[in-house]
Amino acid sequence: MLVDGLHGHSIAIGSFFTGTLIAFMTGVLITLLLLILTLRAARLPGTPFANILFALCALCWSAGGLGRLAALGSDVPHWSTIVRISWALQYIGAAAIPIPILACWRRYAVDGWRESASRILGIVAMISAAAISATLIFRSTGLLDIGVASMEHAATFSSTVLLVLGGAFLPRRSTPSSVYYPSLAMAAAAFGTSVVLLVRGHAAPDAGQAAFLGALGSHLVLLIALFAFFLFARFRYADIFVRYGTRILLVGLLTSILTSALREIRIEQLTSTHAPPAAFTLHLSGVVLLANMLLLSFTFVDDFLSRQLNRWLFRPADTRSSARKLAADLSAIHNEMEIAPVVEDAARVPLELSGARLVPFDKEVTIWPAGLIEGEIVELNPSDSLHRTLPMPNAEVLVPVTSDGRVSHLLLAAPGPARPGLVQHDLNFLRMVALQAGSRFDMLRREREAIDRESREALLRQQIAEAELQALRAQIHPHFLFNSLNTIADLVVRDPLRAETMTLRLAATFRHVLRNASRSLTTVREEIEFLRTYLAIEEVRFSDRLTVEFDVDPEVEGDAIPSLILQPLVENAMKHGLGPKPGPGRLIISAKADGPILILRVEDDGMGLSTSSPAAHSNGMGVANVAGRLRTLYHDQAGVALDPREGGGTRVTVTLPRNKVEKA
C-alpha cells in the first residue's frame, strides 16, 4: 500500500512499515499453504476451481505487497523494476479476487433473479479483472501514463462494488450461517478498504498519516482474505489449513510483538554517555524476558487456539467412540433391512447432520459421476442435476458403500445450513461408516449363502437317506413275503386251517408295512406290536418248538426308532440260530434305557456263533440291513453288535440315541 510517501521516510513510518511487512509475510505463508492444500484437493471430486483461483489471488496480493515493501525497505529506487512488478502483481490479485468469491456465492443463489444476477456479476467481474490487469501491466512497463493511486483506487473500488453487490444477492434462507455472516463481513471490509484508500489519497497531510492509512488498508485487505477463508472452508483439507494457518498467524503475531519491543531499544543507546546504564539494562532484560515467555507459551497457545478454532469452525465429533458403537450395533444385526437405520444414525448424530440416508445404488442412472462408481466420495453443488434423482434432494455428499466387490449402496449426507461444510476429518468418518456398512452387508450375504448351502446339503442328505432307507426296506419286504408264502404253501397241504390263519396274519402284517411305508421312524410300542403279529406267523412254522419273550421297559415305549429295525434281526435269529437247532428254542426281545441311550436286543438260544458261520449272521439280510439304516439315520451315534450269548446262542444289540429324531 505504501507508494508515494514510504521511500525516504523510514524513520517516520518505521512502526507501520514493520507491521505491514510482517502482515504480508504471514499472508504469503498462509496463502501458499492454502494453495498447496487446494491443489492437492483438486484431484478429488467436489473441489471447485474457484478454491484454487481464490488461493492464487490471495497469494498474488500477499506476495506482491511483500516484494514491494521489501524492495522499498532495502533502499531500492522508488519505481524500480521489482517494485513495478510487485505493485502490478498485488493489485491484479485485488482486482481478480471477486471472481472466485462470486463463483462461490453463486451456488447459494439458486432462485430465478438471484441466479441470473449472480451470473451477470461473475461476467462483469471477469471483464473488470481483465481490463484492470491489462492496464496495470501496461502501467508497470511504462506503456501507459496513469497515476499509481488512480490504478490502486480502480482495482479496490471495482472489487468493493462487486463484493457488496454479490453479498446483497445472497439469500439468507438458503445460505448457511457459516457462509452468510463472513460474506457480509467481507463486503464491509472491502468497503472499508476503499474508504481508507480514498482518504489516504486525498486527505492525508503527511507521510506518517499516509503510512498509517496504507498499513490499515493492507490489513483490511488481509481481513477480506481471512473472512473469505470461512467462505472456502468447505473444501477437503480446511481443518488441516486451520491447524497450520493458526501456527503461522501466531508466529507472525509473536514476531510483531518482539519487533515492537526491540524497536524501543536504539543502537545509539549502547554508545550514548547520557543513557542510564541501569535503566537500559532493565529495559533490555524485560525485552529478553518477554521474548522467552512468548516462546515458551507458543506451544500451549498454539494447541489451545487450534482446538478452539477447530471446535468452533468444524465441530469435530468423537468419531472413535462412534465407530466402536457402530461396530457393536452392526454385529447384532442379522437382517439387511435393519442396517440402514443404524448406519444413518451413526453418520447423522455425531456429525450433527441435518439428514443422512442409506439407499441402494441404482445402476440404471446414467449421470452418476465416474469417481462415485470407482468408490470415491463425491460432493454435489446445489445446482447439480443429480439432486432430482436422489431420494434426499438436499444431499451434499455421496459416500459409496462397497459390498461384494461393487458399489451396492450410497450413504447420502446433508450437513444443512446450521453447520459448516464437511472437511477431511468428517469425510474420513463417513468413509469409515460406509466401510463398516459394506462389511456387514458382505458378512450377512456370506451367512445367507452358507445357510442356503447348508439347507441344500441337508436336503440332499435327506433325499439320499430316504432313498437308502427305501432301498433297504424294499429288500426286507420281498424277502419276508417269500418266506411267509413258502410257509403257507407248506401248510396248505398239511393243515389248511392253520394255513388260512397264517394268511390272515400275513395280510395284517403287510397292511402294517404298507401303512408305514413312507415313515422312516416309528415308536418302540408300534415296533413290538408288529413283531408280535410277525412272530405269530413264525409260530405256525415252528409249531411248539418256538417260545417268544418280550422285555420292554414302559419308559421307552414312546421312544422313536427306525421302522422295521428289529424284524430283520428276528428273522436272522430264526433262520441261523433257532431253525437249525433240534428241539425247542427260545427268542428274547428287549428294549431298555441306559441314560440317553436306547438299547434294543434280540437274543436266541440257538446254534450260536461257534457252530454256525459268523459270516452267515453278520453278512445276511438282517445285520447288514440294520447297520446300513443306522448309519444313514444316525451316522456314528448308533451301532449294531453281534455277540455270543452266555449259555449258548447269539445276541444282537442295537444302540441309538433316545428321541434324537422326531417321529415322522
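Visitor: Which residue stands opposite H409 in β4?

Guide: In this model, which is predicted, V401 stands opposite H409 of strand β4, and the two strands concerned, β3 (residues 397-403) and β4, pair in the antiparallel sense over seven bridges.

Visitor: And what is the bridge partner of H409 for P360 about, I mean, where does P360 come in?

Guide: P360 has H409 in β4 as its bridge partner; strand β1 (residues 355-360) runs antiparallel to β4, and six bridges join β1 to β4.

Visitor: Is β4 enclosed or open, and why?

Guide: Strand β4, which covers residues 406-414, is largely enclosed by the rest of the structure, because eight of its nine residues are buried.

Visitor: What about the hairpin of β3 and β4, which residue there takes a positive phi?

Guide: That would be D404, whose phi is positive and near 60°, in a hairpin that has two residues between the strands.

Visitor: Switching to helices: how do α2 and α3 cross?

Guide: The axes of helix α2 (residues 49-73) and helix α3 (residues 81-96) come within 7 Å and cross at roughly 155°. Since an angle over 145 degrees counts as roughly antiparallel, α2 is therefore roughly antiparallel to α3, and the crossing of the two helices is left-handed.

Visitor: Which residues meet there?

Guide: On the α2 side they include C57, C60, W61 and L72, and on the α3 side they include I82, V83, W87 and Y91.

Visitor: How do the residues of that contact divide into nonpolar, polar and charged?

Guide: The contact of α2 with α3 has 13 nonpolar residues, six polar ones and one charged; R68 in α2 is among the residues that meet α3.

Technical notes: Residues are numbered from 1 along each chain as its sequence is written. This is a predicted model: local features need pLDDT of at least 70, side-chain atom pairs count only at pLDDT 80 or more; totals for chains, interfaces and linings use all residues. Side-chain values use heavy atoms; hydrogens and water are left out. Buried means under 20% relative accessible area, exposed over 50%, partly exposed in between (1.4 Å probe, protein chains only). Helices (H or I, at least four residues) and strands (E, at least two) are DSSP runs, numbered from the N terminus. Two strands pair if DSSP finds at least two bridges between them. Axes are lines fitted to C-alpha atoms, for helices over the stretch in contact, and angles run from 0 to 180 degrees between N-to-C directions. Angles under 35 degrees count as roughly parallel, over 145 as roughly antiparallel, 65 to 115 as roughly perpendicular and the rest as oblique. A crossing is left-handed if the near helix is turned anticlockwise from the far one by less than a right angle, and right-handed if clockwise. Contact means heavy atoms within 4.5 Å. Ala, Val, Leu, Ile, Met, Phe, Trp, Tyr, Cys and Pro count as nonpolar, Asp, Glu, Lys and Arg as charged, and the others, Gly among them, as polar.
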